[in-house]
Amino acid sequence: IARRQRQMCIRDRLGLYFGDVLGTVDLDTYTAMVRGIEALPAQMERLLADTEDIRAAARELAGHDQIFFIGRNLDYALSLEGSLKLKEISLIEEGTPVIAAATYMPLFDKAMSNVVEVQARGAQVLALTTDAGAAQMHSRVERVLTVPETETMLLPQLGVVPLQLLAYYIAVYKGRNVDQPR
């Protein structure tokens, strides 16, 4: 955690620096953010020191087959990370299907590491990557869907197409009405 914490703080400070240089962050916001970043280590230590409520919630949730995360704006990203971690660590068992999105090439090696991790738990992985990542992904995964190379910021727009089609066809094969989502 300490390493990731330092990395996040460095990124936050770098973002603030650019905001200051570009004039998009006023002095009050800049000062408040720096104070907030400096307070993060102690705040995280406090969270790590008292985990009884988290353990109690985990005991209650452990018996459920399905757990959903919801959130909006920044909480959406937070919910996605929480959902991913829960699935990686506790819900993946022998035969669990996992769809691994690995289109963002700067983090492709980390995505491959995630694939290896879930495969070690017995997951059956279906990968989605770019044409450039297909050969390397095929070295670990039998079934790989690809999208063409494009600008990085446009990859999600391409990647969503096979994922939506996948969801559509799964619903069709399960005999579900695709016009009435559940």
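**Helix residues, a strand residue and a pocket**

Analyst: Gln136 sits in helix α6. Helices are DSSP runs of H or I with at least four residues, strands are runs of E with at least two, and both are numbered from the N terminus. This is a predicted model, in which local features need pLDDT of at least 70, side-chain atom pairs count only at pLDDT 80 or more, and totals for chains, interfaces and linings use all residues. Residues are numbered from 1 along each chain as its sequence is written, and side-chain values use heavy atoms, with hydrogens and water left out.

User: Is Gln136 buried, exposed or partly exposed?

Analyst: Gln136 counts as partly exposed, because its relative accessibility is 40%. Buried means under 20% relative accessible area, exposed over 50%, and partly exposed in between, with a 1.4 Å probe and protein chains only.

User: What does Gln136 contact, apart from neighbours within four places in sequence?

Analyst: With those neighbours set aside, Gln136 is in contact with Phe108, Asp109 and Met112. Contact means heavy atoms within 4.5 Å. Gln136 and Met112 are 24 residues apart along the chain, and their C-alpha atoms are separated by 8.8 Å.

User: Next, α5. Which of its residues are buried?

Analyst: Phe108, Ala111, Met112, Val115 and Val118 are the buried residues of α5. Seen down the helix axis, they fall within an arc of 125°, so they line one face of α5. The arc is taken over the directions from the helix axis to the C-beta atoms.

User: Why would residues a few places apart point the same way?

Analyst: An α-helix has 3.6 residues a turn, so residues three or four places apart point the same way.

User: What covers the buried residues of α5, and what is on the face turned away?

Analyst: The cover includes α4, β1 (97–102), β2 and α6 (134–138). On the face turned away from the buried side are the exposed residues Asp109, Lys110 and Ala120.

User: What span should α5 have, and what follows the helix?

Analyst: Helix α5 covers residues 108–120, and its 13 residues should span 18 Å at 1.5 Å a residue; the end C-alpha atoms are 18 Å apart, which agrees. The expected span is 1.5 Å times one less than the number of residues. After α5 comes Gly122, with a positive phi near 100°.

User: Switching to the strand. Where is Thr129, and is the residue buried or exposed?

Analyst: Thr129 belongs to strand β2, residues 124–130. Thr129 is buried, because its relative accessible area is 0%. Beyond neighbours within four places in sequence, its contacts include Ala102, Met105, Phe108, Met137 and Val147.

User: Now the second largest pocket. What volume, and which residues line it?

Analyst: About 200 Å³ of space lies in that pocket. Its lining is Ala57, Ala58, Leu61, Ala62, His64, Ile67, Phe69, Leu86, Ser90 and Leu91. On a 1 Å grid over the protein atoms alone, a pocket is an open set of points where a 1.4 Å probe fits, with protein on both sides within 12 Å along at least five of seven lines; lining residues have an atom within 4 Å of a point. Points are joined across faces, edges and corners, and the volume is the space filled by probe spheres set on them.

User: Which helices supply the lining, and what classes are in it?

Analyst: α3 (52–61) and α4 (74–91) each supply at least two lining residues. The lining has 8 nonpolar, 2 polar and no charged residues. Here Ala, Val, Leu, Ile, Met, Phe, Trp, Tyr, Cys and Pro count as nonpolar, Asp, Glu, Lys and Arg as charged, and the others, Gly among them, as polar.

User: Last one: where is Arg6, and is Arg6 buried or exposed?

Analyst: Arg6 is in helix α1, residues 2–22. At 52% relative accessibility, Arg6 counts as exposed.
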